[in-house]
Amino acid sequence: MTGSPTQVPEPSATATAPPMIAMKDVQKHFGELHVLKDINLEVPRGQVVVVLGPSGSGKSTLCRTINRLEPIDSGDIRIEGKSLPAEGKDLARLRADVGMVFQSFNLFAHKTILQNVTLAPTKVRKQSKSEVNARALELLERVGIASQKDKYPAQLSGGQQQRVAIARALAMNPKIMLFDEPTSALDPEMVNEVLDVMVSLAKEGMTMLVVTHEMGFARQAADRVIFMADGAVIEDTDPDTFFDHPKTDRAKDFLGKILGH
Ligand SMILES: Nc1ncnc2c1ncn2[C@@H]1O[C@H](COP(=O)(O)OP(=O)(O)O)[C@@H](O)[C@H]1O
Ligand SMILES: [Mg+2]
């Protein structure tokens, strides 16, 4: 402590900037099933959050509510201080701010790798074709597959396709990247090439929410781990604390199963 207690500290930029993601009192049901129970979660800019939890605990639904692929029953979700627009142009803009990568890559089978990356920015952003192409090539370079740009998805391995899916999401210049089990469908030897791209994104300061069972990634790249069970966040801490000293029986049980083989 410097300064006397009566001094009012200068508000710093980080203290005043709204969090990148702010979920407040979020509730969601699927019929009778209470799938998100009073979620309160703030993610500051540049933070990498790994979301863990057993199957069915609500991890995918949490991700999907953040870019409004799923509506919520009540509560509030803000991206950089702005509430989620219900529909229309504002929603399209918000979706562009929040990139999402799923377990299944969902590339367009009849478009080339380059076209897969240029399609959305060509439609949404008012950029020239050559600008969009140049940016797409830069992103393909960055994920290590520029040489495959004229091939079709089926000609690439799963790991390569997932890296294209990441480049495609980045092409919209998102502020946040959501990853929902991005390596779960991959053969084991391809997992690391995808995780490496994610680690580099994290190091560059991207705000990320990552649902994954890759504990190495969580240890290496996460600033924070949240653990979900039955639709609620029941642990929220740094990775070392979570892995070395889980508090709840649910988390201990989960870690025992996942690390026990
Ligand atoms: N569209 C849906 N309609 C009805 N129930 C759903 C739907 N999507 C998910 N659920 C249910 O909500 C719960 C949470 O699912 P999900 O968010 O996919 O969990 P996780 O990703 O942690 O496995 C599960 O019980 C699942 O069966
Ligand atoms: Mg899921």
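Let's start with Arg78, which sits opposite Ser83 of strand 5. Strands here are DSSP E runs of at least two residues, helices are H or I runs of at least four, and both are numbered from the N terminus. Keep in mind that this is a predicted model, where local features need pLDDT of at least 70, side-chain atom pairs count only at pLDDT 80 or more, and totals for chains, interfaces and linings use all residues. Residues are numbered from 1 along each chain as its sequence is written, chains are lettered from A and ligands numbered from 1 in the order in which they are written, and side-chain values use heavy atoms, with hydrogens and water left out.

Strand 4, residues 74–79, runs antiparallel to strand 5 over 2 bridges; pairing takes at least two DSSP bridges. Zooming out, 4 strands make an open antiparallel sheet, ordered 2-1-4-5. Its edges are strand 2 (33–43) and strand 5 (82–83), each pairing on one side only.

Helix 2, residues 59–66, packs on this sheet and touches strand 1 (21–30), strand 2 and strand 4, contact being heavy atoms within 4.5 Å.

Now, friends, the ligand. Which element gives the largest share of the shell around ligand 1? That is helix 2, with 3 residues. Lys59, Ser60 and Thr61 are among the residues surrounding the ligand, judged by a heavy atom within 4 Å. For polar contacts with ligand 1 (N or O pairs within 3.5 Å), a polar side-chain atom of Ser60 lies 2.9 Å from a ligand oxygen. A polar backbone atom of Gly56 is 2.7 Å from an oxygen of ligand 1.

Terms used:
Axes are lines fitted to C-alpha atoms, for helices over the stretch in contact, and angles run from 0 to 180 degrees between N-to-C directions. A polar contact is a pair of N or O atoms within 3.5 Å; within protein, one must be able to donate a hydrogen and the other to accept it, and residues adjacent in sequence count only if both atoms are side-chain atoms.
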